[in-house]
Amino acid sequence: MSQKVAVLGTGKIGEALLSGMLRAGWAPADLLVTARRPERAEELRARHGVSPVTNAEAAKNADTLILTVKPQDMGTLLAELAPHIPADRLVISGAAGIPTSFFEERLAAGTPVVRVMTNTPALVDEAMSVISAGSHATADHVAVAEEIFGAVGKTLRVPESQQDACTALSGSGPAYFFYLVEAMTDAGILLGLPRDKAHDLIVQSAIGAAVMLRDSGEHPVRLRENVTSPAGTTINAIRELENHGVRAALIAALEAARDRSRELATGNNG
C-alpha cells in the first residue's frame, strides 16, 4: 500500500492491526499512531517503527483513519478531529454499536465512512472482521478496509443493518468460547483431572472441532451426530445440556448482546 494509514487510540486491537499490516507489506513510514499516553506512543514506535502523532496530525496527513477508541469516547474524538479531516479522507470505525450516520453527521459532508466489527483473535491473525459501507463509501473504500483487516484474519461484507447481530455473534463471540472452556475445565477438575491436563484436552478438542467446522463443509449437526453413538456417553451429555436449557440460554445471550449493541448507538453507555 502506498497510502498512509493512521490508527487512532491504539490499544490491543489497534496494535494487532499495525502488526498485521506490517507483516502484510505496509512500510512503517506509512503507518501513524495516536495514543492517550505518551509512553504508550513511544512503546509503539520502539516496537514497530511507526510514527506517533497527535490526533490532528493524523487527520491532516493520513489517507485512511482507523478509529479504535471505545464507543463512549467516540463523540469527543470526532469533535477534535472534525476541523482537520478533509471530505476525501476514508474514516474506518471499529467501535461497537455506533452507526456510520453518527460519523457522517459530525464530519464534512460526503466523508466516506466504513464500519468494521472485528474481534480479539486479531491478536493471533484469526480475526473475523465484519465490514459495512456508509452512505458515501464506495466499493473502493470497502476494499481498503478489507485489505487492512484481512491482514489479521477473515473479512465479511454485510449490510449495516446486520452489524448489531454480527457484533453479538463474532464481536463478542470469543468470550462465549472462553466461558465454555472455563466451565469445561472446572468439570474436568470435578471429574478428577489436574487443571493443566483438563485445559490441554479441552483446548485441543476446541481447535480440532473448529478446523473440522471450517474445512469439512459439513453441517454442525452432522459433525455432532458423528460423535453421538446410540446410548453412549455423548448423547447422555447432550441430554443434560438440553435439560438445562443451554441452547435457549445461548439464543437469549446473543439477543442480549445484540440489544446492548443497539443501546450503544443511542448513547446509552451505562
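A helix crossing is called left-handed if the near helix is turned anticlockwise from the far one by less than a right angle, and right-handed if clockwise. The model is predicted, so that local features need pLDDT of at least 70 and side-chain atom pairs count only at pLDDT 80 or more, while totals for chains, interfaces and linings use all residues. Residues are numbered from 1 along each chain as its sequence is written, and side-chain values use heavy atoms, with hydrogens and water left out.

Select helix H8 (residues 173-190) and helix H9 (residues 195-216), which pack at an angle of about 135 degrees with their axes 9 Å apart; helices (H or I, at least four residues) and strands (E, at least two) are DSSP runs, numbered from the N terminus, and axes are lines fitted to C-alpha atoms, for helices over the stretch in contact, with angles from 0 to 180 degrees between N-to-C directions. The crossing of H8 and H9 is right-handed.

Next, show the side chains where Val181, Met184, Thr185, Asp186, Gly188 and Ile189 of H8 meet Arg195, Ala198, His199 and Ile202 of H9, contact meaning heavy atoms within 4.5 Å.

Then turn to the open sheet, in which 8 strands with mixed pairing follow the order S3-S2-S1-S4-S5-S6-S7-S8; two strands pair if DSSP finds at least two bridges between them. Its edge strands are S3 (51-52) and S8 (153-157), each pairing on one side only.

Within the sheet, select S6 (residues 113-117) and S7 (residues 127-133), which run antiparallel and are joined by 4 bridges, and find Val116 opposite Ile131 in S7.
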